[in-house]
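Look at the structure first.

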Amino acid sequence: MDKKENHKLQTASLQEDTIHDVIPLGGMYENWFLDYASYVILERAVPAIEDGLKPVQRRILHAMKEMDDGRYNKVANIIGQTMQYHPHGDASIGEAIINLGQKELLIDAQGNWGDIRTGDGAAAPRYIEARPSKFALNVLYNPQTTEWQLSYDGRKKEPIALPVKFPLLLTQGAEGIAVGLSTRILPHNFCELIEASIDVLEGKKTNILPDFLTGGLADFSAYNEGKRGGRVRVRAKIEVFDKKTLVIRDIPYSTTTLSLIDSIIKANDKGKLKIKKVVDNTAQAIEILVQLAPGQSPEVTIDALYAFTDCEVSIAPNACVIVDEKPVFLSVNELLQYATKRTKELLKRELQVKQRELQEKILFASLEKIFIEKRIYRAIETCETWEAVLAAIDKGLAPYKKNFYRTITEEDIIRLTEIKIKQISKYDTRKAEEALQKSLEALAEVEHHLKNLVAYAISYFKGLLEKYGKGRERKTAMRNFDTIVTHTVAANNQKLYVNRKEGFVGYGMKKDELIGACSDLDDVIVFRKDGKCLVTKIAEKVFVGKAIMHVAVFKKNDDRIVYNMVYVDGKTGRSMVKRFQVLSVTRDKVYDLTKGHKDSRILYFTVNPNGEAEVVTIYLTAAAKARNKVFDFDFSTLAIKGRGAQGNTLTKYPVRKIQLKQTGKSTLGGLDIWYDNAVGKLNKEGRGTLLGNFHSGDNIIAIYKEGDYALTTYELTNRYDPEKIMLIEKFDPEKIIAAVYYDGKVQQFFIKRFKIETTTLNKKFCFISENKGSKLTLVTTAPHLQVAIEYRTRASKEKQNEQYDLDQLIDIKGWKARGNRLSKYKITKVKFLSAQKADDREQPVEVAMRDATKKRNNKKENYTTGDTVTLEGNNASSEKTQLELF
């Protein structure tokens with residue numbers, strides 16, 4: 001066999017062996033993908049349940065502790081130190097450090113660390129510094145209770161999990177996207193978590209809710225304990241600065257001032273709202289001024305900002321953590337229970353470590369005391385070998401061994417031999433006894449804590465709250481949001497046109513008949529001469545059928561609009577009359593308003609926005625056989641029905657024409673309006689407090705805690721701040737308003753009675769002193785009241801009480817009047833009382849005290865005094881009086 005053939009055989013054999021070792025590409029991809037997915041989930045994106053940290057965060061905090069000497073370290077140095085434990089680049093470490101520092105909890109930062117409110121980034125790592133915060137040093141670290149593992153290269157030890165004695169994960173929150181998995185745990189309030197942990201230890205049920213550093217307003221009604229499927233709506237805090245300007249004070253979580261302003265500008269460019277300018281004055285506090293275009297309502301614009309911009313965002317929580325090397329979905333209350341139980345367990349381990357240390361300290365101190373006082377050291381003077389020395393000491397200790405908590409070992413005896421002669425010669429028995437007694441007392445205290453571990457853990461949490469809770473109060477106000485119907489608040493960015501003859505409507509037909517302003521989100525309702533009706537989405541140009549009689553923007557479920565109609569039935573020739581409403585429809589479906597015959601047609605049609613019923617004159621044809629060929633008909637005699645009603649017979653004779661004789665009045669009566677204090681808006685659905693029955697021209701009066709009042713219409717788009725409203729009710733110009741206010745300049749209480757003389761709507765008028773520190777204390781419109789005061793004189797320290805009839809105390813004056821001073825002495829309590837018989841007048845004093853206690857506990861309860869005075873939260877209707885305790 002020549003060399004060439006031999007080479008061919010070897011090559012074939014090698015190829016055959018290689019074929020047997022080939023792994024299919026699909027199998028390789030499956031294994032590699034699963035390995036990669038598991039790595040990303042466990043090592044990158046999802047926090048561990050034990051300490052609530054991702055690996056990079058844990059390694060950063062461990063590196064900072066190793067470097068800590070009480071001084072600040074450059075962040076660049078911290079990144080370098082962390083890279084000994086984290087097998088990734090410096091960019092990911094630097095980003096994680098900035099993220100931790102901006103949460104203002106674990107890192108004491110110095111320098112420009114950026115701003116989560118504005119989206120400004122931090123300075124370069126070489127320019128900023130950090131060190132562990134005092135809170136972090138207190139709750140994160142304890143080498144004796146930490147489990148360790150080797151770092152990725154085996155050169156260092158790093159913690160498997162930090163011994164965190166606090167629900168850290170819920171405080172900071174967490175977000176991460178892995179392969180086929182994500183987590184989003186919203187941050188919660190520091191103080192509330194501590195109080196909830198105490199509740200867990202006491203066996204109480206908890207319900208914790210998120211809190212955001214950016215503040216704002218939030219609706220947690222669908223939070224679902226942070227589990228998948230939940231939803232949190234977060235809004236910016238928007239106030240009316242004046243008629244032409246809105247001011248944004250807080251922004252929603254997950255947004256920045258820059259992104260918020262961009263969303264407002266985009267909504268304006270799309271015509272969803274109309275603004276003139278947006279000015280960002282954010283410095284230490286957020287302040288974004290939104291200047292409105294002429295003719296725009298501030299209240300409607302606020303709703304539009306919530307509907308079309310990032311002033312309202314919806315956040316979907318998804319609490320996922322690593323438990324036993326696997327991702328698990330839990331609720332935030334389950335996470336709190338785990339964190340609290342782990343904290344208790346870590347406290348127990350720390351106590352056990354301290355117990356062993358004290359026991360060892362007491363043991364050796366006792367051995368030393370016996371060794372010196374019993375002069376056992378003298379027994380070793382004659383010993384010639386090391387073994388003999390140990391045996392002599394062991395023999396000397398033998399009578400006392402039964403008093404120790406463990407067996408005396410050879411190591412203990414060796415330690416005794418290491419005591420220096422100088423220490424023996426200067427041994428002070430009294431000091432040794434005192435030190436031993438202190439150790440025994442400390443041991444007794446530790447053992448007491450171990451036996452009462454729950455109480456010790458509660459005390460630990462209370463200590464954290466007292467030490468670190470100041471300045472960490474809730475920033476996000478909890479509200480129940482109303483649902484904003486977008487087409488009702490969208491700005492009218494288009495104009496509606498109609499071609500009645502050809503049957504087209506739309507906003508692109510600028511040469512045809514103008515109907516009015518509209519929004520591109522609106523629907524339009526069309527009535528045709530043939531008795532057909534349909535609702536369609538507004539478009540540039542859409543065909544709706546020829547011979548159009550009426551077209552308008554459709555207001556769904558508007559029960560105030562009533563249509564009056566007379567039509568001829570094509571089958572019988574009779575003229576039919578009906579009054580009907582169109583409340584809800586299927587879009588683009590044609591509805592027949594007649595009996596359905598193809599030759600039916602409308603003779604008379606009117607649209608009545610408030611249910612008006614007119615009187616018309618009917619003229620019959622000259623050939624009609626009727627005796628009376630001209631007669632009147634009053635639409636108010638008809639009941640209002642649905643669009644499908646066929647109507648009543650008006651006449652069986654042919655009609656020549658129909659003319660309006662007299663415009664009618666509304667047959668619907670007034671409109672009942674309620675005020676919902678939870679959302680600060682009016683409604684017709686019966687939510688909240690009934691303000692009254694409103695007719696055209698009626699108004700609402702709102703009195704604010706700042707000492708202002710304002711008259712408004714009863715439009716449902718009006719918005720009132722529940723935190724600032726003190727009284728809201730239907731306005732009656734004849735009602736007398738009684739108010740007690742505190743003048744900050746003279747530091748005295750004043751009382752005044754006045755009627756509202758102004759008629760300007762949506763403008764605030766201040767009726768108390770405008771001096772700094774002035775505030776409205778009490779206000780009511782209830783008649784025949786008394787005012788009760790409690791005061792102290794300079795001569796006597798005892799409290800004294802006085803009661804006055806308001807009708808006799810002060811006359812009715814103008815709203816600008818200063819009023820009368822209540823007392824020249826220092827008033828400690830003031831309240832209104834209903835005018836009752838004398839033996840009933842003491843009851844409201846106790847009621848007011850109970851009410852003040854309830855307010856301090858943030859509980860809303862109603863207490864009734866007599867027949868007219870009712871204590872009720874922050875609001876009082878026309879027959880209710882709000883009481884305050886000072």
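The questions below concern ring pairs and charges over rings in this predicted model.

Q: How many aromatic pairs are there?
A: The count comes to 26 aromatic pairs.

Q: Why is the pair of phenylalanine 527 and phenylalanine 605 called tilted?
A: Their ring centres are 4.7 Å apart, and rings pair within 6.5 Å.

Q: Why do phenylalanine 527 and phenylalanine 605 count as buried?
A: Buried means under 20% relative accessible area. Phenylalanine 527 has 0% and phenylalanine 605 has 14%, so both count as buried.

Q: Why is the pair of phenylalanine 694 and tyrosine 714 called tilted?
A: The planes are at 40 degrees, between the cut-offs of 30 and 60, so the pair is tilted. The ring centres lie 5.2 Å apart.

Q: Why is tyrosine 714 called partly exposed, and phenylalanine 694 buried?
A: Tyrosine 714 has a relative accessible area of 23%, which falls between 20% and 50%, so it is partly exposed. Phenylalanine 694 has 1%, under 20%, so it is buried.

Q: How do you know that the charged end of arginine 643 sits over the ring of tyrosine 591?
A: The charged end is 4.1 Å from the ring centre, and the distance limit is 6 Å. The charged end of arginine 643 is listed as sitting over that ring.

Note on methods
Residues numbered from 1 in each chain as written. Predicted model: local features only at pLDDT ≥ 70, side-chain atom pairs only at ≥ 80, totals over all residues. Heavy atoms only, no water. Phe/Tyr/Trp six-rings, centres within 6.5 Å; stacked < 30°, edge-to-face > 60°. Buried < 20%, exposed > 50% of the residue type's maximum accessible area, 1.4 Å probe, protein only. Lys NZ or Arg CZ within 6 Å of the ring centre and 35° of its normal.
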